[in-house]
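My notes follow the order in which I checked things.

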Amino acid sequence: MIRYTLFAVMVVVFLSYVSGQADLANSYTPDKQPLNETALFVADALYKHPVLFRKLLKISAAAQPLLKLGGNDPKSGMFMNFVLDMVPGLLQSPETAGILEILADELHRVNITDVYGFLQAHNMTQDNPQAKQMVSGAILKRIDKLRTVRRILTGNSARHFLPMTSNDTITDVCYNDMMNFMDAMISAQIPPRDALNYTFIPWALNMFDAFGKPTGGITKGSLYWVGSYDLCVSIKAGLPAGVILGNRTLTTPIKFNGKFCRAQFRLPDALIKSFNVDTRGVALSLSWGICVPDSCHSNDIAQMFDLGVMKGRGIVPHTVTCFEERDLTKDTSGLVAAIILLVFVAVVVCSTLVDGVGDWIKDNIKTDNAESDNSYELSKINGNVNGGYVADPDEGSSQNVMEIKSAGELPPAYTPHKNDKGELGEEYLNGGARKFKDVAEVKITKPSRAQAKPRQSVCQQLIKAFSLYTNIPKILNGTKNPNAIHCLHGIRFFSIMWIILGHTYNYGILSVQDNPTTENLLDADKLFKRFSFQGIQAAGFAVDTFFFLSGLLICFLTLKDVKKRPVNCGYAGMFYFHRYWRLTPVYMIVMMTFSCLYRYLGEGPLWPAELAAADNCKQVWWTNLLYVNNLVHVDDQCMGWSWYLADDMQFYIISPFFIFLLHRIPVVGILATVMMMCAGVASSFAKEYKFGGDMFRMKENPHYWADVYIVPWTRVAAYCVGILLGYIMFKSKKGSLSNTKALIGWILTFAVGLTLCYVTYDYRAEGKDPWPRWGTSIYESFGRPLWAMCVAWIVYACHNGKGGIINNILSFSGLIPLSRLTYAAYLLHPVMMIIYVFGKKSLIYISDYDIAYLYMGHVVCTYLAAFFFSSIFEAPFLTLEKILFRRGGHSS
């Protein structure tokens, strides 16, 4: 088709000189084909096309006065030789004859008299050297070029150039719809047929417009020609029977919708190497968004690139993804998940209404009991009365304190506070019994048995368990527990912020493979080499912070608890049940929502056809339920970021062994904990030395992920640091830290912490040599426990009054609600990132400003989702545990 089109351009000029311009006899040389043979061949061809012959004669007669202006130019003879040599071969093709006929007809329609008048007006004579150019220009200017091209292109259907053979498996309906689209894209003729009447088809033009087009920045990684997803899926194609497309009359109407597909092509290795950048294991491919009829599927489109003139050209895509219509009613797993979520929401809404109406009735309707004086007189209990909530020592969650049975009956949920003279008489744990100093100062008017507040029924407790009216104040309550370690709230919050920042780059931007989402992906290589970016790449230390916090709290709180109560089988059972119940329900609900409904949470040109992190859950969900997903099916993980929960649960399971030794035989317990920490360091060193890699090269070196990063024996060291600090804080007296020791500790903490975060610049910077394997092994193995020790100092110093402004920030009461949402935020933040990044209709541009806005959006949306899931799913299950066991089990 291309060579015929090129010839058509040349023949326009040729026809301008076809009559009397050159001496045909003198223009041939002996080595050329004899003139008589050529003349006979041309005559025979023209004889077979009498319409073309007659039109050429008319053009020749009409153009005689104009062509004489050109004079006798030897170049004309050379041009005629070239054309006459081509004519015999080209005239054998019916396509060429058709093109010549159209060109001749369009030339015939030019008003030659008008052209001649134009030339005379400009005094163009035969002697004027510009006469020839003026003739050609004047004629070409007056030809209807758009109509000429459309007539040429519609002379044959796309089927002629892309024929389907018996070996092709493209469905007939897809092939016909695709060919009709390609023909309609050029134009159509609406009956009654007129050779000059061509009509634009808007839906066909929109369909072509929805195709992705090349943009600038290919060498920067702009390898996705996105196209317009919304425009494509909005197309409703239709033409009635009788319309002429590609010189073929439709016998049946056209009716189909647009479907968006993504075709991916492998790039030559030489081209990828020419970029000269480190892609961190991310495979580069060209992705092209195309709009096709909805009768076509992925296999049809892949074969369409291997038809006719494209066959054997090596341009077949290796992957085609078409976005099919999604019907939730036909998706069993999705439908079940949606029903479960709706049932939960319905229960919460009903419980909230009942609970809120019940409280309104109590507050606004007078009863006999309300009129009687049954109030308590609480003049002074070494402090002030708060609203009845006390923050859980470890999670910061608000919970009602159990009845106090000391020196008489005090009101349920009464919580005394610390005064200026000192602490309360005896520390409490998880709502246990309290003893207070100066009990004699309490004046109590004990109500009669008949006047006592009736105990809530199980039904009432269940209603409150699912009531947002009750749960939301608990989540948002910022009251500080006087015996809690207040700085932990801030450490939790800022650690999850750090993790979200690291994952902002990792999820959907740098770790993509099958569907690129970044406009300048190759610029990411520059980020890794910047000094400032080393702190972002060090976000993995935030996970070690959470391991440390878990070890600290389980040791500190359990030692306090076993000091007051006997340890038996029931205690051990509750120890494990409480942890499993605390983590699992909301974990499973998030997994169910993500794996079963992610297909319905977004759409667009970047949306993946399959998402392994979600689809794997349907097969390996049991590994997450048993918290062994860091050891089993590690190459097909469900919610890959949940490996942390498996590690943490496994550490929790073995922690009683060390805590029991610390309680019974402290020296042996300390020695066992230190040995476990050393074993973790040694294991991490050995695995890193064997496999190598780092967090941002997991695609390039999958062994790092499976054998170094997620296994418990390489991550246990930070947890052991937490256990040791928990024991130290349990044994040491609060406030015993001197100013000198505090200053030295802060200096060392900042020095070691900053070094751990930014020392990697020494080998990641531009022009730097990579560290030897033993160097990266030392950093990987010793860096994590050293980071945990830095955090341990912050906790110890802040708890002992030597934290200064750092303690003020970390202990800010406004961070307490955000700290309570940390667990839900950890589960949900990659899901929110995936939904946003893959749901975009355009590519992401990597720059500091753009990523900063992206990061802040991730944080806000993550915490909104975390608040929703915590209120509806997490808080009710925590309350259900208290209802089942009355005392709430063991807190850890």
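**Cysteine pairs**

I started with C174, which is buried, its relative accessible area being 0%. By buried I mean under 20% relative accessible area; exposed is over 50%, and partly exposed is in between (1.4 Å probe, protein chains only). The model is a predicted one: local features need pLDDT of at least 70, side-chain atom pairs count only at pLDDT 80 or more, and totals for chains, interfaces and linings use all residues. Residues are numbered from 1 along each chain as its sequence is written, and side-chain values use heavy atoms, with hydrogens and water left out.

Next I looked for the partner of C174. C174 forms a disulfide with C296, and the two sulfur atoms are 2.0 Å apart. I count a disulfide when a pair of cysteine sulfur atoms lies within 2.5 Å. The link of C174 and C296 is right-handed, with 100° about the S-S bond. The pair links distant parts of the chain, 122 residues apart. C174 sits in helix α11 (residues 172–186), and C296 in the loop between β6 (285–293) and α15 (298–304). Helices (H or I, at least four residues) and strands (E, at least two) are DSSP runs, numbered from the N terminus. C296 also counts as buried, because its relative accessibility is 0%.

**Second pair**

I moved on to C232 and C291. They form a disulfide with their sulfur atoms 2.2 Å apart. This link is right-handed too, at 90° about the S-S bond. C232 is in helix α13 (residues 229–233) and C291 is in strand β6, so the pair links distant parts of the chain, 59 residues apart. I then checked burial: C232 is buried at 0% relative accessible area, and C291 counts as buried at 0% relative accessibility.

**Third pair**

C261 and C322 came next. A disulfide joins them, S to S 2.0 Å. With 105° about the S-S bond, this link is right-handed. C261 lies in strand β5 (residues 254–266) and C322 in strand β7 (residues 319–322). The two cysteines are 61 residues apart, and their pair links distant parts of the chain. C261 counts as buried at 0% relative accessibility. C322 counts as buried at 9%.

How many disulfides does the structure hold? I found four. Counting bonded cysteines along the chain, the pattern is 1-5, 2-4, 3-6, 7-8. C678 is in no disulfide; the nearest cysteine sulfur, that of C720, is 9.0 Å away. C678 is partly exposed, with a relative accessible area of 46%.

C798 is buried, at 5% relative accessible area.

**A contact site**

Last, I looked up I475. I475 lies in helix α19 (residues 468–476). Is I475 buried or exposed? I475 counts as buried because its relative accessibility is 6%. I then listed its contacts, taking contact as heavy atoms within 4.5 Å. Leaving aside neighbours within four places in sequence, I475 is in contact with P817, R820, L821, F867, S870 and S871. I also checked R820 by C-alpha position: I475 and R820 are 6.8 Å apart in space, C-alpha to C-alpha, and 345 residues apart in sequence.
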